[in-house]
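Try each one before reading its solution.

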Amino acid sequence: MDRAASRWVLVMVPKFDVAIVGAGVAGCLMAAGLAKKGLSVCLIERKPISKIGVKVCGDALIADSKLKEIGFQPPKGYVERELYGFKVYVPGLDVITLKAKVLLLDREGFGRWLFERALDQGVTPFESTIAINPIISDGWVKGVKVKRLNEPPLTINSGLTVDASGVASFLRRKLPREWWVSEEVTRYDLALCYREIRLAEGFDDDYCSIYYDQAISPMGYLWIFPKSKGKVNVGVGLRMNVKAPLREVLHHHLACDPRFNSSRILHAGWGVVPARHPLKCFTSNGFMVIGDAAYQATCGLGEGLRPSIVSAYLAAQEAAEAAYYGLEDLWGYNVKYLKTLGLAQVQSAAFTYYFERLSDERRNKLLSNFAEGSFNLEAFLNFKIDAKILAHSAKLGLQQFKELIGEWRLVREVKSIYTAYPEASKNYPEWSLRADNFWSKIKASTY
Ligand SMILES: Cc1cc2nc3c(=O)[nH]c(=O)nc-3n(C[C@H](O)[C@H](O)[C@H](O)COP(=O)(O)OP(=O)(O)OC[C@H]3O[C@@H](n4cnc5c(N)ncnc54)[C@H](O)[C@@H]3O)c2cc1C
């Protein structure tokens, strides 16, 4: 869309059924889903149109049963390579294999494809346009104030306003503190990542590799994901409270791998990813939050593509079926997300908070049950620890058995809390207190 055309749109059509801020994976998908149902939708993006789709990322999409359920599949043209899962490395331990279908994407092409799909459905784009404030009146979000360079701010009125602005959670953070959706997030809840795309020979691996090594990447992880045509996506992510020179950390690790000896950097960049459990509430009157803005990435893996896709789908479904856009009308999105994908994510978060603070030696003990083993990633993320593993653990010694049982109990506890997520908003305050107590307990022993 050229500049003149978008000005015309700004002046002539200031009201939409739905205004979505952020044309990333989550925003584009939700916009397309709602426009397809006949709603008038606008998509507000601060980047110029030529940069939509560009994102520093590991590019790995876990194509599991959740994506199958919602019928989502990226076109073959944007899949550079299909891999069989993840090899997890912990110093001193044999590799653990987590099996899953993982698609290494042409990330920019994929992002642009999503954006174009939204346009094809009739979504109105506002590119190079920054959302600056939500419009709030009588306890409702009624639209968003936006600004383009050298143009006066403009008000876009909407029945529903959606924050899909990524980890900045731009609109949500400007809502009144007492609204449930305004849960506070600190920098401890975020991981800073440095990533390179390298041209390197000899990467015929069929798996993505992830390294958890306290000496090299404390409270974080390092990844090597092979792509097509000799390209490899490598990076490191550490909690933002850990002070470490990320680029040097990565280069130090790659220097130990001869396959990188004569490799060439094609692209390097930085990004931030959520490193916590998802928000407890994603809705308010006239408002929804999706994707990274809702902190829905899987903690410990930094995996946010699949969650963004699932949340956009669930949010669009809920909004399309809602008679009004009140908190209660949209509540089903909270329930559906947190009782499905969210349930695995809160368990992962509980485990990660604990795992992150263990020394490599204690990690070895905890994970030795799984060493050299091959597991289904989905089952692993859902902590389906069976009796055989517990029995094996008992044989390895009392200390190890206690460790595993202790952690298993925590994971069970958080699972039972989120399984009881309230079906109606009136029961939320009591439930929220229970969940807060759990997370405070875990975090108090972590930081
Ligand atoms: C280094 C790195 C590696 C990663 N690797 C993987 C991986 O391998 N696999 C995986 O599954 N996930 C990975 N992730 C996470 C994944 O990229 C994100 O979870 C996912 O892209 C989130 O999509 P989103 O649409 O919610 O947000 P985003 O993609 O961040 O989109 C948000 C959009 O909102 C726009 N915006 C922000 N503020 C405003 C504003 N005020 N006004 C207008 N527009 C605004 C932004 O410009 C952006 O286009 C990685 C993340 C990082 C940083």
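Axes here are lines fitted to C-alpha atoms, for helices over the stretch in contact, and angles run from 0 to 180 degrees between N-to-C directions. One thing to keep in mind: this is a predicted model.

**Exercise 1.** Work out how helix 2 and helix 6 are oriented: parallel or antiparallel?

Solution. 
- Step 1: start with the geometry. The axes of helix 2 and helix 6 are 8 Å apart, and the packing angle is about 30°.
- Step 2: apply the cut-off. Angles under 35 degrees count as roughly parallel, so helix 2 and helix 6 are roughly parallel to each other.
- Step 3: The crossing of helix 2 past helix 6 is right-handed.
- Step 4: list who touches whom. From helix 2, Val25, Ala26, Leu29, Met30 and Leu34 meet Leu305, Ser308, Ile309, Ala312, Ala315, Ala316, Ala319 and Ala320 of helix 6.
- Step 5: sort that contact by class. You get 12 nonpolar residues, one polar and no charged.

**Exercise 2.** Now take helix 6 (residues 305–321) and helix 7 (residues 327–338) and describe how they pack.

Solution. 
- Step 1: the axes of helix 6 and helix 7 sit 8 Å apart, at an angle of about 150°.
- Step 2: that makes helix 6 roughly antiparallel to helix 7.
- Step 3: helix 6 and helix 7 cross in a right-handed sense.
- Step 4: on the helix 6 side the contact includes Pro307, Val310 and Leu314, and on the helix 7 side it includes Leu330, Tyr333 and Tyr337.
- Step 5: by class, the contact of helix 6 with helix 7 has eight nonpolar, three polar and three charged residues.

**Exercise 3.** How many residues surround the ligand, and which are the closest?

Solution. 
- Step 1: count them. The ligand is surrounded by 37 residues, and the closest are Glu45, Gly58, Ala60, Asp292 and Leu305.
- Step 2: check the side chains. An N or O atom in the side chain of Asp292 is 2.6 Å from a ligand oxygen, and a polar side-chain atom of Lys55 lies 2.9 Å from an oxygen atom of the ligand.
- Step 3: A backbone N or O atom of Arg46 lies 3.1 Å from a ligand nitrogen.

Methods: Residues numbered from 1 in each chain as written. Predicted model: local features only at pLDDT ≥ 70, side-chain atom pairs only at ≥ 80, totals over all residues. Heavy atoms only, no water. Helix = DSSP H or I, 4+ residues; strand = E, 2+ residues; numbered from the N terminus. Parallel < 35°, antiparallel > 145°, perpendicular 65-115°, else oblique. Left-handed = near helix turned anticlockwise from the far one by under 90°. Contact = heavy atoms within 4.5 Å. Nonpolar A, V, L, I, M, F, W, Y, C, P; charged D, E, K, R; others polar. Near = heavy atom within 4 Å. Polar contact = N/O pair within 3.5 Å; in protein donor to acceptor, adjacent residues only side chain to side chain.
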